[in-house]
Amino acid sequence: LVLHVDPCRLICGTNWKGYPHKLRPTSSAFIWDGEWDLRRGDLRQGSRARFIADLAAHRGDLTRSDAFATYMARLKAGKPWKSHQQGILLDSEARILTFLRVYLSFMDDMAVRGFDATRGKDMLGVAVSRDGTLIKINRGLHRLAMAQHLGLPSVPVAVKAVHRQWWERVTHGERGKQKLNQLLESLPSCVPENRPGIFVS
């Protein structure tokens, strides 16, 4: 279930802040219930977009970037940034600079070769809202921010879940395999969500 979208239009992402874990849909389910699609933030104002813009603006001297200052402050405080998942520990100035240069080299490669869906552990994931719009979920936010910064015309996204209300509307009256066929016919009409979220209690 892969669609191709303009990354600069894929600006809304799920926002779980303050949303109880028991109310969040499970990633193992394809049909999601609840208000998750109303709780969305603007990715253009997110930390990944700021990070990528910061590195691009200071590529000539990364020691002047906000990212470098942040990681150095943690290092000097005796709490160097680490990622168990990536196996990274930024416990020296050299490692911090190497880490930041990796992101720049990845973005430079994307600028030359375009978006490579095979890089990264997962494809860019989206979910279909109750209104049939696409909302960014899960990982790949740095890659999306790079594509947006570069102004790439299109990126592939994998549809990981759909809201039950949309599912029932587009498959109404169908049974068995016809439900899936109806879903596949309806997906190309889904476009990225561009409205601000409505936060619910």
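In this predicted model, D33 is partly exposed, with a relative accessible area of 43%. Its side chain meets that of R164 in a salt bridge, with N and O 2.5 Å apart. The two partners come from distant parts of the chain: D33 lies in the loop between β3 (31-32) and β4 (40-42), while R164 belongs to helix α5 (residues 164-170), 131 residues apart. R164 is also partly exposed, at 31% relative accessibility.

Another of them joins the side chains of R44 and D42, at 2.7 Å from N to O. R44 counts as partly exposed at 47% relative accessibility, and D42 is partly exposed with a relative accessible area of 29%.

A further salt bridge connects R195 with D131, whose closest N and O atoms are 3.0 Å apart. Here, too, distant parts of the chain are linked: R195 sits in the segment after β10 (191-192), and D131 in the loop between β7 (124-128) and β8 (133-137), 64 residues apart. R195 has 41% relative accessibility and counts as partly exposed; D131, at 47%, counts as partly exposed as well. Both residues belong to a network of salt bridges that also includes R40 and E193.

Charged pairs are not the whole story of the surface. A nonpolar patch is formed there by L1, L180 and L184, which together have about 250 Å² of accessible area. Of these residues, L184 is placed in helix α6 (residues 177-186). L184 is partly exposed, with a relative accessible area of 40%, so it passes the patch cut-off of over 30%.

Key. Residues are numbered from 1 along each chain as its sequence is written. This is a predicted model: local features need pLDDT of at least 70, side-chain atom pairs count only at pLDDT 80 or more; totals for chains, interfaces and linings use all residues. Side-chain values use heavy atoms; hydrogens and water are left out. Patches are made of residues with over 30% relative accessible area and no salt bridge: like charges are joined within 9 Å, nonpolar side chains (Val, Leu, Ile, Met, Phe, Trp, Tyr) within 5 Å. Accessible areas come from the Shrake-Rupley method with a 1.4 Å probe; for residues, only the protein chains shown count as cover. A salt bridge is a side-chain nitrogen of Lys or Arg within 4 Å of a carboxyl oxygen of Asp or Glu. Helices (H or I, at least four residues) and strands (E, at least two) are DSSP runs, numbered from the N terminus. Buried means under 20% relative accessible area, exposed over 50%, partly exposed in between (1.4 Å probe, protein chains only).
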